[in-house]
Amino acid sequence: MNLLLLGRGKMGTLIESLATTRNHYVRSIDIDENAQGIALTPEKLRDVDVVIDFTTPDAVMENIAGCARSGKNLVVGTTGWYGKIPQVRKLVEESGIGFVYAANFSVGVNLFFEVAKVLTAGFKLDYSGTISETHHVHKLDAPSGSAVMLQRVVMEAGGPKVDITSSREGDVVGMHQLVLDSPNDTITLRHDAKSRRGFADGAIRAAEWLKGKKGFYDFKDIWREL
């Protein structure tokens, strides 16, 4: 596949390296070269199969709009824009492109979400809950997209809107924790990422899955198909 990577940060560099080992050709564009999505024209994207976005919350909406105009499928790993999901879904459906987004492309985190659904039963049995997340000091959004997704998973499974506590420390890749507490005991569910490799691998596999497809997809609903 011909992949266009938006963003040359640590994640972008890792995705480029892993995608190359999976026999994909990768071209990357930095944020400074793509102000307001100016590099995402039909002519410049003619040979691109899928675009992968790991930029910033300020840049991602213009990137989505540019890919929609150019008719190119898009995988978005950038977080911090989820308040505009209805707007993006409409844009994707009207343009006829394929779109996959994720709060977290790690398969392990998505397994974590599945277990969290089971624990949600505790809220009907006198348990209270908290969510905490810790990331490196360079992470731009707080709470993290994964923490917000965990909160949503709990609510969709019948639980309350659990409060989130965020911390930014050193070079922490990403830690997410759901704690249920009762007068009798405490249950702790925790995912601690060892590196960014799991996120990068999931994003590449999502791009492979998305090639030739149309529609709006959440990675948590399709990761079993990869």
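This is a predicted model: local features need pLDDT of at least 70, side-chain atom pairs count only at pLDDT 80 or more; totals for chains, interfaces and linings use all residues.
## The four-stranded sheet

Four strands make up an open sheet, in which the order is β7-β6-β8-β9 and the pairing is mixed. The edges are formed by β7, residues 164-168, and β9, residues 186-192, each of which pairs on one side only. Between neighbouring strands of this sheet the turn is 15° on average, with direction ignored.

Within the sheet, strand β6 (residues 128-135) and strand β8 (residues 175-181) are joined in the antiparallel sense over seven bridges. S128 has D181, in β8, as its bridge partner. As for what holds such strands together, strands of a sheet pair through backbone hydrogen bonds, either parallel or antiparallel.

## Helices against the sheet

Helix α4, which covers residues 107-119, packs on the sheet and touches β8 and β9, and its direction makes about 165° with that of β9. Helix α5, made of residues 145-156, lies across β6, β7 and β8, and runs at about 35° to β8.

Helix α2 (residues 57-70) and helix α3 (residues 85-95) have axes that come within 10 Å and cross at roughly 15°. Because angles under 35 degrees count as roughly parallel, α2 is described as roughly parallel to α3. The crossing of these two helices, α2 and α3, is left-handed.

The contact brings M61, I64, A65 and A68 of α2 to Q87, V88, L91 and S95 of α3. Divided by class, the residues of the contact of α2 with α3 are six nonpolar, two polar and no charged.

## The pair α1 and α6

Helix α1, residues 10-21, and helix α6, residues 197-210, have axes that come within 9 Å of each other and cross at roughly 60°. The two helices, α1 and α6, are therefore oblique to each other, and α1 passes α6 in a right-handed crossing.

On the side of α1, the residues that meet α6 are M11, L14, I15, L18 and A19, while α6 contributes R197, F199, A200, D201, A203 and I204. By class, the contact of α1 with α6 holds nine nonpolar, no polar and two charged residues.

Key
Residues are numbered from 1 along each chain as its sequence is written. Side-chain values use heavy atoms; hydrogens and water are left out. Axes are lines fitted to C-alpha atoms, for helices over the stretch in contact, and angles run from 0 to 180 degrees between N-to-C directions. Angles under 35 degrees count as roughly parallel, over 145 as roughly antiparallel, 65 to 115 as roughly perpendicular and the rest as oblique. A crossing is left-handed if the near helix is turned anticlockwise from the far one by less than a right angle, and right-handed if clockwise. Contact means heavy atoms within 4.5 Å. Ala, Val, Leu, Ile, Met, Phe, Trp, Tyr, Cys and Pro count as nonpolar, Asp, Glu, Lys and Arg as charged, and the others, Gly among them, as polar. Two strands pair if DSSP finds at least two bridges between them.
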